[in-house]
Every structure is written in C-alpha cells, then in structure tokens.
Amino acid sequence: MHSADISSRALRFFEKRGHTVVPSASLIADDPTLLLINAGMAPFKPYFLGEAPAPYKRATSLQKCVRTVDIEEVGQTSRHGSFFQMFGNFSFGDYFKEKAIPFAWEFLTTPIADGGLGLPEDKLWVTVYLDDDEAEQIWRKDIGVPAERIQRLGMAENFWSMGVPGPCGPCSEICFDRGPDFGQDGGPVANDERYLEIWNLVFMQSIRGEGPAKEGYPILGDLPSKNIDTGFGLERMAALLQDVPTIFDIDTTRQILDLAAELSSAKYGVSVRNDVSLRVIADHILTSVMLIGDGVTPSNDGRGYILRRILRRAVRMMRLLGSQDPVVHELVAKTIQVMSPMYPELTGEHERIDRIAVAEEAAFVQTLKAGTTIFDLAAEEVRKSSSLVLPGDKAFQLHDTYGFPIDLTLEMAAEAGLTVDETGFRKLMEEQRARAKADAVRRKSGGHGESGVYRDLLALGPTEFTGYGELESEAVIQGLIREGERVPSAGEGDIVEVVLDRTPLYAESGGQESDAGLIVADGIELEVLDVQKVARKLWVHQVRVRRGEVAEGQNVMAKVDPEWRIGARQAHSGTHIVHAALREVLGPTALQSGSYNKPGYLRLDFSWIGGLSPETRSEIEEVSNLAVRRDLPVAVEYMPLPKAREIGALALFGETYDEEVRVVEIGGAWSRELCGGTHVAHASQVGPLTLISESSVGSGLRRIEAYVGIDALRFLAKERAMAVKVSDILQVPTGEIGDRVSVILKQLRDAEREIARFRAVQLRQLAETFVREAQRIGDVTVVSEHLPEPATAEELRSIALDIRDRLKDHPTAVIVTALANEKPIVVAAVNEHGRERGLKAGDLVRTAAKVLKGGGGGKPDIAQGGGTDPLATNDALQEVRRAIGQIVTA
C-alpha cells in the first residue's frame with residue numbers, strides 16, 4: 001500500500017466520523033517556542049492551551065514535521081528520520097478515551113476492502129501509563145484485548161509532551177508484533193524492535209513546565225478541557241505495510257535513495273557505511289525540499305541554519321561516496337516527483353526550490369575548497385608543534401566559520417594521521433548552544449512564557465480590531481500587565497501592557513510595524529510604544545503612562561497617530577506594488593519570502609539567484625511608479641482560504657492563515673495577496689516610489705529597499721543636492737557628470753598603470769642589487785634584505801620569487817622584509833636545491849615572525865608572515881641567517 005493511499009484512507013476514515021480535514025500547516029512554526037513544526041499537534045497548540053477557540057470540535061490532518069535533535073541517528077537506525085509525516089485525529093473538548101481508543105482500533109483492524117488497514121488483531125499489543133486504569137479498562141473490556149497483551153510503562157515511555165512547556169498527558173501505544181525474526185518475545189517492554197509502535201494515543205489533559213525533555217518535569221496544572229491527540233507516523237506505518245526493513249525503503253524515500261546510489265555509483269545493501277550514507281542523503285534531500293517549499297532559505301542562524309546544515313550534509317555524503325559532480329538538481333526533481341501526490345503544491349514551486357538548493361550546493365563546494373585549505377594549514381601547524389591533535393578551537397572555527405561538519409573534520413584529520421580535541425570542540429559548541437538557548441528563552445518570553453495571564457484575558461473574548469475603518473475607538477481596559485503579572489493600576493512613568501476590548505491600533509504582523517498613538521481619558525494619557533498580538537486574538541499595547549493613573553475597567557479612547565498611519569499605509573501598499581513589479585519583470589518565481597515596512601520605508605526579500613542589473617532595477621522601479629500613476633484601484637475582500645488560493649492570491653511563505661482570509665487586490669489580478677495590513681484606497685496615494693538598494697541576504701535570497709511618499713521625495717532631493725555639489729566640483733552640468741567621471745577614472749587608471757610599470761622596473765633593479773649582495777652560508781646562497789621603501793605583500797612576494805628564479809642553479813634561500821601600513825611583513829622563498837639542504841620557507845618565516853612579534857607560515861617553497869614591531873626587521877633577518885647556518889652546517 002503506497003504512502004499516499006495510507007494517508008488518504010486515514011483522512012477519509014476520520015472525516016466520515018465527524019472530523020474536519022485540516023491541510024498540513026507550514027513547517028515554519030507559528031510558535032515562539034519552536035523553530036520548526038516537530039509534532040502533528042503543534043499547529044493546534046493554541047486550541048489545546050485554550051489560548052484561542054478551536055474552529056472545530058474534531059479535526060484530522062497529515063502534518064509535515066522536522067526534528068533534528070537526533071540527526072546523528074539518521075541512517076544508523078531503521079526509524080530515525082529528520083523529516084516525517086504525522087497523521088493525527090484530534091478532539092478539542094469533545095470526546096476523550098472512550099472514543100479515541102475504539103477509533104484507532106477500528107481503523108487499524110478494518111479490512112482493506114472496507115477502508116481500513118486490515119491488520120490482524122492478534123498481532124497488536126497495547127501499552128498504557130503506569131496509573132492509567134481507565135485506559136486499561138477500555139482496552140480490556142470494550143475492545144477485548146487480552147490482559148496479557150496490555151503492559152504498563154513509565155513517564156519516559158508513556159507520558160507525552162513536545163519537550164518544551166505546554167500541553168502534555170498520559171498516552172497509550174499500539175504496537176505490532178513483527179515476529180520472532182525481529183527478537184525475543186515478551187511484548188513492548190521486552191523488545192521495541194520486534195513490537196513496533198505504530199499508533200500513539202495521547203490523552204492531553206495537563207500543562208508541563210520547564211525541565212528534561214522526557215521525564216522529571218513538573219506538571220503545572222490541568223488544561224481548560226480534556227483533549228485528544230492521537231495518530232501514527234506515516235513512514236513507520238508504510239514500512240510495516242510494505243514489509244520493508246526501514247523507513248528509507250518505503251515507496252517514496254527509496255526512490256530518492258536509489259537515485260543517489262546511481263549518481264554516486266555506490267551500491268545499496270553491500271556495506272554498512274554506504275548504506276548509512278545513502279539513507280542520510282535521501283532523508284536530508286527530502287527534508288531540504290520540504291523546508292524550501294515552505295519558504296525556508298539557507299542561512300547561518302535559526303531554521304535557515306538547520307536547512308543549510310542538512311543540505312550540505314547530503315552534498316558531503318555524496319562526495320564521500322565518490323560523486324564529484326553537482327547532484328542536487330536531479331535529487332530535488334526526484335523528491336518533488338515522489339512527494340507531489342501528497343503535496344501537489346511542490347510541483348508549482350519546483351523551479352524556486354531547485355534554484356535555491358542548487359545555489360547552496362555550489363556555495364558549499366566552494367566552502368569545501370576554502371575549508372580544506374584552512375584545514376591543511378592547521379594540520380601543518382599541528383605537526384610542526386610536534387603534536388598529533390588538532391585543537392578544539394580549530395575544529396570549531398572550521399565548523400562555525402567555514403560550515404565544516406565535525407565528522408568531516410574528524411575524517412580529514414584521520415587521513416592526515418591526526419586526532420581532534422573533540423572535548424574542546426564540544427565545549428565550544430555547548431557554549432554556542434547556551435547562547436542560542438538564552439536567545440530562545442528571550443523569544444519565548446514574548447510568546448507563551450506568561451500564557452496563564454493572557455489566557456485569562458482571552459477568556460473575556462478576543463480584541464476587536466477597528467483600525468480598518470477608524471483611527472479612534474472607544475474602549476474598555478480589560479487588563480494591565482507588568483512584568484508578566486496582572487496589576488490593578490499603573491501610575492505616571494510606569495511602562496505596562498494594556499489589553500483593550502477594542503482598538504484601532506495595528507499590531508505588528510505581516511511585516512508591518514505596529515501603529516504609534518495614544519490611549520487617553522480624563523486626566524490620563526498613555527503613549528503607545530508597541531502593539532503585539534498574543535495567540536493571534538489578543539492585542540497587547542505596551543504603553544508609557546505620561547499622565548495620571550490608569551486602572552482596569554476604565555473607559556478610554558484609543559487613538560492612532562494619523563500621520564503615522566498615512567506613512568504605514570503607503571509603505572505596505574508600496575510593498576505589494578514592488579512585489580507585483582518584481583514578478584512582472586523577473587517572472588512568477590520571484591516570490592516574496594519576507595518583508596518589513598514602516599512609514600515611508602519598505603524592505604522586501606525575494607527568491608532569486610544573482611544580483612539585479614541597474615537596468616533591471618530601473619525597470620522594476622518604473623513598473624512600480626506606472627502602477628501608482630495609473631491610480632490602480634485597491635480592493636479588500638474576505639473569503640474562505642480555498643477560494644483565495646483558487647483565484648491565485650499569493651500567501652507569504654511560513655505565514656499561518658485562518659479559514660477566512662483577507663485578500664488585498666491592487667489592480668485586480670495584477671497584485672492579489674493574502675494580507676491583514678493597512679492599505680491606501682487607491683495606488684496614487686502611495687506617492688512616488690524610489691528604490692534605494694538591492695543586495696544579497698543569503699543564498700538564493702535578495703533584498704530590495706525603497707522609500708515611498710514624502711520620504712521618497714526627501715531622498716531624491718538629497719540625491720539632487722549631491723549631484724549639484726559634484727557638478728560644481730567638476731565644473732560640468734549635472735547631465736554630464738557621468739561622462740566627466742569616466743574621463744577622470746580613465747586618467748586615474750592610466751596613471752596607476754604607469755606607476756605599476758615604474759614600480760616593476762624599480763623592483764627588478766632592486767632584485768638585481770640584492771642578488772649581487774647575496775651572502776654564502778655554507779654552500780647556500782642567502783639573500784636577506786629589508787626593502788628601503790614600504791611595499792605590499794604582493795610586491796614583496798614578487799621580488800622574493802624573482803630573486804629565487806635568478807639563483808635557481810644553486811641552493812638558495814631568500815628572506816625579504818618590508819613595511820606595509822607601518823607594520824613589518826616577511827616573505828621567504830627556497831628553491832629546490834635549498835629544500836634538499838633541509839631549508840623550508842615556512843620555518844624561516846616563523847623564525848622571523850617570532851622576532852617581529854607576529855606569526856606566519858606556508859609551504860616549504862614559499863611562505864609569508866608579519867608582525868607588530870617595525871623596528872625589529874634587522875634582528876629578524878639576523879635570526880633567520882643564524883637559523884640557516886645551524887641547518888646547513890649540521
């Protein structure tokens with residue numbers, strides 16, 4: 001049974017039993033405690049916590065998930081994958097154990113012809129939590145599972161949470177007995193390889209606090225209602241039903257694995273090492289495609305770093321298997337082909353996904369080259385110091401700066417006859433993780449850190465946002481919060497959070513900065529510093545009390561700064577216009593992947609490889625301003641999400657949308673996007689729009705910045721003033737500045753070339769002089785000189801090589817120094833005859849650099865270094881001559 005068939009059967013089965021089929025949420029978590037969706041229930045977390053009302057009592061979904069905490073286990077075991085799909089059926093205060101257990105059993109055991117999976121009942125075992133007598137009774141009395149096939153397990157095995165503070169509860173697992181070929185009997189307690197867990201029923205009723213991931217964490221209290229989170233991992237179920245040994249052998253992943261084997265000429269099933277590598281490649285390419293499909297782009301932090309790490313890991317594995325050619329293009333195509341039956345949107349995103357993945361592969365190949373050079377230098381330094389251990393900080397530098405995975409460093413070190421200080425490396429990694437964890441805590445404090453306070457306020461009802469239709473609204477203060485605690489009042493000078501029953505002030509979202517404004521009443525004035533949403537339902541205003549004392553229950557007037565709102569509307573509508581212009585000029589794959597706008601300014605990130613030419617930038621700017629000049633109408637309509645997608649409304653990657661969405665159109669289909677922001681009524685109200693920059697912000701990701709309205713005019717006025725000033729300096733009309741600058745630059749380049757020719761002649765003459773003044777130390781000709789004038793490192797290297805070539809028939813060592821930016825530099829060059837006498841350029845440079853109070857190194861034939869003491873060059877050259885004498889007379 002194919003994976004897509006298993007999925008569709010499960011969704012149909014539960015849909016017939018009153019469950020709403022909910023499409024998979026984006027892997028980009030709408031949750032400050034998570035980087036990526038890592039569990040099937042994660043998108044429903046606000047409903048379980050009671051932070052937002054569930055739009056349905058029962059739901060069912062197939063949810064994409066990514067989990068990388070145990071990435072080193074991927075490929076090593078039969079069941080660990082970084083990407084997996086969780087089928088689930090959920091109840092939000094509707095049914096509990098009494099229905100969840102029979103539903104699961106019925107689907108598993110119903111014959112295939114009748115829509116189930118047709119598993120034999122006598123092969124199924126059950127586990128329950130230690131003290132869950134209720135679940136045990138249902139299994140035994142209602143379902144009829146014999147007591148000897150029901151086992152009780154502890155918190156680590158049968159009490160579920162997401163590993164972070166949030167919903168949790170006891171669980172009951174259904175396991176399938178694969179038979180004696182897979183190990184000893186005795187049930188799941190004795191052998192979880194033979195008794196494979198295929199279904200987990202979570203009876204979600206509690207809230208957990210901070211603590212270890214699996215057990216030993218505190219239970220803070222009960223959820224507002226008892227809920228059900230139950231389901232199975234699609235890959236594991238497919239492996240069982242397809243009778244294959246691992247999740248990498250199922251109908252989808254195996255096709256990617258087989259292509260990786262073909263491209264690398266590695267055989268699957270022949271060696272453990274190759275098998276693990278091929279499984280990692282298949283898993284990581286699949287994960288990468290799904291992440292990019294949901295809008296993640298490679299970067300050096302957060303979810304972008306997760307993508308970069310796993311994609312580069314796959315590329316490295318392919319190279320270790322012998323494939324030196326680009327492979328990502330073909331692997332991406334195969335992945336999209338096998339996954340599109342379940343995720344048809346991948347087909348439409350094929351070009352964008354491929355472009356980003358291929359660019360990251362190319363960047364990593366260059367990284368490998370650069371990192372290998374750095375490793376070689378580090379390894380040489382280690383050997384010179386009579387050590388065989390690469391320091392932990394060097395391994396960490398390779399990882400952190402050059403993107404080298406530690407296992408690649410370990411392998412290269414072993415090939416070089418070295419080991420790695422893994423303890424030092426792990427310590428530095430732990431320090432980095434600690435910093436990241438502290439950042440995560442800070443992120444979390446703005447989300448669910450004080451969820452109890454916000455939950456109480458949510459119980460009073462969601463905030464009514466009035467800002468689309470008015471700038472001033474009467475409101476009642478529902479709550480005051482200071483440092484995470486409800487307070488009855490606040491006085492002058494205090495900074496507190498204010499929750500109103502209704503507000504016209506826009507909360508930061510969709511890339512738009514929150515509104516500025518005031519909250520006032522008789523004798524009271526609150527300056528609004530920030531507005532944020534909690535659980536997407538509650539508007540929380542951070543305010544400074546300028547005057548008076550404010551208390552809960554007071555009637556107030558909330559006011560938006562009208563000038564601020566004008567600029568904000570111009571910028572947000574301008575963002576939509578620039579996005580549409582990008583797509584018109586570059587094509588439909590130039591999709592927005594992020595934005596930020598505030599009054600008068602907009603920034604838009606979009607998927608694209610390579611910088612835009614000045615002509616392309618000008619065209620985008622012109623298309624944008626033509627839309628403004630044509631005064632395209634701006635329309636807003638609310639509609640169901642499926643209809644919005646049907647009419648081609650664009651959604652921002654990674655954003656989470658309700659079933660009812662707001663569609664903003666500018667010029668009809670020309671610009672049609674899902675958006676909750678504030679907008680102008682007609683395009684002409686945006687005013688002039690001028691692009692001020694276009695740059696790279698990551699692999700396959702570009703950024704455009706622009707001013708709109710009065711800010712655009714101010715920018716252009718400033719540019720005009722600068723042009724006038726340059727015109728006066730050059731004494732030409734402004735229209736001729738470009739031609740005049742071109743003439744000056746040509747004259748400058750000609751002068752530079754003439755100076756370079758003169759300098760080359762000067763250096764050749766200097767080389768001739770140094771050769772005539774060469775010394776003999778033993779049978780070696782030694783040139784050790786300091787250049788009388790400052791020189792660049794390139795010039796110093798050139799003269800050293802020139803001298804060495806002039807003396808190629810004799811054992812020769814050349815050591816020259818010079819000052820560059822008032823600091824000493826040194827270059828050493830040794831010819832082949834000199835190296836045969838035991839002289840090495842790298843050793844000579846290190847000898848000189850030590851005296852110069854610096855460092856350096858290089859190869860035996862040519863090396864370079866520097867220092868900090870400009871007065872020590874003569875002493876350094878003398879020390880090198882002494883060292884040469886010791887070597888050649890030994």
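Let me begin with helices α7 and α10, which are roughly antiparallel to each other because their angle falls in the class over 145 degrees (under 35 counts as roughly parallel, 65 to 115 as roughly perpendicular, and the rest as oblique). This is a predicted model, in which local features need pLDDT of at least 70 and side-chain atom pairs count only at pLDDT 80 or more, while totals for chains, interfaces and linings use all residues. Residues are numbered from 1 along each chain as its sequence is written, and side-chain values use heavy atoms, with hydrogens and water left out.

Helix α7 covers residues 253-264 and helix α10 residues 328-339, and they pack at about 160° with their axes 9 Å apart; helices here are DSSP runs of H or I with at least four residues, and strands are runs of E with at least two, numbered from the N terminus. Axes are lines fitted to C-alpha atoms, for helices over the stretch in contact, and angles run from 0 to 180 degrees between N-to-C directions.

On the α7 side, Gln-255, Ile-256, Leu-259, Ala-260 and Leu-263 meet Glu-330, Leu-331, Lys-334, Thr-335, Gln-337 and Val-338 of α10, where contact means heavy atoms within 4.5 Å.

Now to the sheet. Three strands form an open, antiparallel sheet in the order β25-β26-β27, with pairing requiring at least two DSSP bridges between two strands. Since β25 (634-640) and β27 (671-674) stand at the edges with a single partner strand each, one side of each is left without a neighbour in the sheet. Neighbouring strands are turned by 25° against each other on average, direction ignored. Seven bridges join β25 to β26 (residues 660-666), and Val-634 has Ile-666 in β26 as its bridge partner.
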